[in-house]
Amino acid sequence: MKTVLVLGGDGFCGWPTALHLSAKGYDVTIVDNLSRREIDKQLGIDSLTPIQSIEARIAAWREVSGREVGFSNIDIAKQPAELTACLDTIRPDVIVHFAEQRAAPYSMRGAKEKRYTVDNNVSGTHNLLVAMVELQLDAHLIHLGTMGVYGYSGDGFSIPEGYLPVEVQDDNGVRHSREILFPTSPGSVYHLTKSLDQLFFQFYAKNDGIRITDLHQGIVWGTQTDETRMDERLINRFDYDGEYGTVLNRFLVQAATGHPLTVHGTGGQTRAFINIQDTVRCVALAAENAPERGDGVTIINQVAETLRLSDLAGLVAQVTGAEITHVANPRAEAAENELVVSNATFRALGLDPMLLETDLIGETIEISGRYRARVDLAAIPATSAWNDSRRREIAAA
């Protein structure tokens, strides 16, 4: 039986991933400092779905599955000694790293949140890598990155999986072929930390032979997986607020409460999407296909499809009958962009992803309706402006 450590295993992606790997026969331990729950308290918001304590969640999983999931409360950014001791005790075969502040709007909320995002994300990742080297731990590190490291420039070609072949001409006119990291263009402090993660991974893979897979994921939609549906105590998060809620969740909650769907700007921004069920499948596929020691970092685009936000709003409106309205965009980004992404690796490994147009109707809409009494309408608008000009635009609107 392989042993896996899921860092950030109490979060939106971490919790269903921990259960999915446990169901597949992995010996799973969650490491989490429960910071996402504390941020809810700071912001005065809550998940649309009622979330049990981590202890109640783990007990419910034991009851319905007969399997144990361990838990350690460790802040990997601030407690490197405790993290190292945990790694040394468990000696995991696989480490899945979700333990980062994951919201772009929250990372742009203000100076405090920008500093926290950098301190938490960068220090946590580096502490983990240092501990693995110190312990000579030959575990496969799987990191959840983001497509957002590439920005949304609309250059008109498919974004490859991490690397770009280039030719460089030397002083004698001889051309040399090289492979470089695809240039990053982060659109927020959160995306900036994920770009820095890439450099850490490249160094430690080259210098110390750490085996690393970096998953560049699109926006996750959906709430439940096969495992979280087994008992209401296992239900996953559903964030709909302006700081942590995804655009689809915001649309669904607005539709469920009889409000127009608020599209930022023209709605011409194109984003990459993937369902939460496919997220956990992709992590499991990555765990089953580890790189060899000494290989470079494996980078995989964890994406099912791309869609303009105006088209996404149209899908929700078609299903729910909601109206659509346009509001000022708080993000510093182009009004329109194209986005073409290669997802060849996971397709080759057998992933047949769920798509919004065919799979949107179902539990996601059902959940947004079932728990609509828990909605705080004041929390829905995205108010964290990326810079002063966007702040003035929002205020004027």
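Me: Of the residues in the largest nonpolar core, which touch the most other members?

Reply: A quick note on conventions: this is a predicted model, where local features need pLDDT of at least 70, side-chain atom pairs count only at pLDDT 80 or more, and totals for chains, interfaces and linings use all residues. Numbering starts from 1 along each chain as its sequence is written, and side-chain values use heavy atoms, with hydrogens and water left out.

On to the core. It has 37 residues, and Val4, Leu21, Val28 and Leu215 touch the most other members. A nonpolar core here is a set of buried Ala, Val, Leu, Ile, Met, Phe, Trp, Tyr and Cys residues joined through side-chain atoms within 4.5 Å; buried means under 20% relative accessible area with a 1.4 Å probe, protein chains only.

Two or more residues each come from β1 (3–7), α1 (14–23), β2 (27–31), α3 (54–65), β4 (94–97), β5 (140–146) and α9. Those are DSSP runs, helices being H or I of at least four residues and strands E of at least two, numbered from the N terminus. The top contributor is α9, with 7 residues.

Beyond its neighbours within four places in sequence, Val4 is in contact with Leu21, Tyr26, Asp27, Val28, Thr29, Val94 and Val96, contact being heavy atoms within 4.5 Å.

As for α9, that helix spans residues 276–287 and lies across β10 and β12, at about 75° to β12. Angles run from 0 to 180 degrees between N-to-C directions, using axes fitted to C-alpha atoms, for helices over the stretch in contact.

Definitions and conventions
Buried means under 20% relative accessible area, exposed over 50%, partly exposed in between (1.4 Å probe, protein chains only).
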